[in-house]
Amino acid sequence: MRIWKKLLSVLAVLCMASSAALAAEMSELSYVEPGGYLSGGVGIDNRQAMRERGKHYNLHLAFAQARTGEYLTGLSVSIRRQGHKEADAHYTDVGPWLYVRLHPGHYRIRAEYRGKTRVLNTDVGGKGVNHVMYWP
């Protein structure tokens, strides 16, 4: 009987240790460093995965055709914080969704698709801000 109690004690300690390790790993995954990004949104499964992870990013961009609403991919995007001379971040071959983690502030977003550029000014805070950029 004492052997079973010892075995159960050891098993409980192992379960607690693995639970702590899993919690630490999950907390690391839930935080995204500024400049971190996620791009995709092609297909239902990918969109669902991005929606689930989107809460960790405070800038959500979507790129679409103006007349049809069809999503666009293969964009080049630069993000520059107000007062900075150079882009804080530059992303290539992104879309139709782009999620970025930024420090709170005022930003200028410049997106290019097939030689046509769109510019968007936005304020980014702690909570997520959503924008759709359209091309003719």
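**Entry 1. Starting point.** I began with a pair of tyrosines: Tyr57 is buried, and Tyr99 is buried too. Buried stands for under 20% relative accessible area, exposed for over 50%, and partly exposed for what lies in between, with a 1.4 Å probe and protein chains only. The model is predicted, and I noted that local features need pLDDT of at least 70, that side-chain atom pairs count only at pLDDT 80 or more, and that totals for chains, interfaces and linings use all residues. Residues are numbered from 1 along each chain as its sequence is written, and side-chain values use heavy atoms, with hydrogens and water left out.

**Entry 2. The chain as a whole.** I looked up the elements and found two helices and eight strands in the protein chain. Helices (H or I, at least four residues) and strands (E, at least two) are DSSP runs, numbered from the N terminus. Along the sequence the pattern reads α-β-α-β-β-β-β-β-β-β. Of the 136 residues in the protein chain, 29% are buried. I also noted an accessible surface of about 9300 Å², 55% of it belonging to carbon and sulfur atoms; areas come from the Shrake-Rupley method with a 1.4 Å probe, and for residues only the protein chains shown count as cover. Among contacts with a separation of 6 or more, 56% are between residues 24 or more positions apart. A contact means heavy atoms within 4.5 Å.

**Entry 3. The aromatic rings.** How many aromatic pairs does a search of the whole structure find? The search gives six. Rings of Phe, Tyr and Trp (its six-membered ring) pair if their centres lie within 6.5 Å; planes under 30 degrees apart are stacked, over 60 edge-to-face, and the rest tilted. The ring centres of Tyr57 and Tyr99 are 6.3 Å apart and the planes stand at 45°, so I put this pair down as tilted. Tyr57 is in the loop between α2 (44-53) and β2 while Tyr99 is in strand β5, so the pair ties together parts that are 42 residues apart in sequence. For Trp97 and Tyr99 the centres are 6.2 Å apart and the planes at 15°, so that pair is stacked. Trp97 is buried, as is Tyr99. Tyr57, Tyr71, Trp97 and Tyr99 make up one aromatic cluster.

Entry 4. Beyond its neighbours within four places in sequence, Tyr57 is in contact with Val32, Gly36, Tyr37, Leu38, Tyr99, Val100, Arg101 and Gly128. Tyr57 and Lys127 lie 70 residues apart in sequence, yet 8.3 Å apart in space, C-alpha to C-alpha.

Asn58 is also in the loop between α2 and β2. Is Asn58 buried or exposed? With a relative accessible area of 1%, Asn58 is buried. Its side chain reaches the backbone oxygen of Gly125 at 2.8 Å. Residues up to four places away aside, Asn58 touches Val100, Arg101, Leu102, Val124, Gly125, Gly126, Lys127, Gly128 and Val129.

**Entry 5. The mixed sheet.** I traced an open sheet of four strands in the order β1-β5-β2-β8, with mixed pairing. Two strands pair if DSSP finds at least two bridges between them. β1 (37-40) and β8 (129-135) are the edge strands with a single partner each, so one side of each has no neighbour in the sheet. Neighbouring strands here are turned by 15° against each other on average, direction ignored; axes are lines fitted to C-alpha atoms, for helices over the stretch in contact, and angles run from 0 to 180 degrees between N-to-C directions. Strand β2 (residues 59-65) runs antiparallel to strand β5 (residues 97-100), and four bridges join them. His60 stands opposite Tyr99 in β5.

**Entry 6. The antiparallel sheet.** Another open sheet has four strands in the order β4-β3-β6-β7, with antiparallel pairing. At its edges stand β4 (89-94) and β7 (116-124), each with a single partner strand, so one side of each is left without a neighbour in the sheet. Strands β3 (residues 75-81) and β6 (residues 105-113) run antiparallel and are joined by six bridges. In β6, Tyr107 lies opposite Arg81 and Ala111 opposite Val77.

β6 and β7 pair in the antiparallel sense over nine bridges, and Ile109 has Leu120 in β7 as its bridge partner. What do β6 and β7 form? They form a hairpin with two residues between them, and Arg114 in the turn has a positive phi of about 50°.

Note on methods
A polar contact is a pair of N or O atoms within 3.5 Å; within protein, one must be able to donate a hydrogen and the other to accept it, and residues adjacent in sequence count only if both atoms are side-chain atoms.
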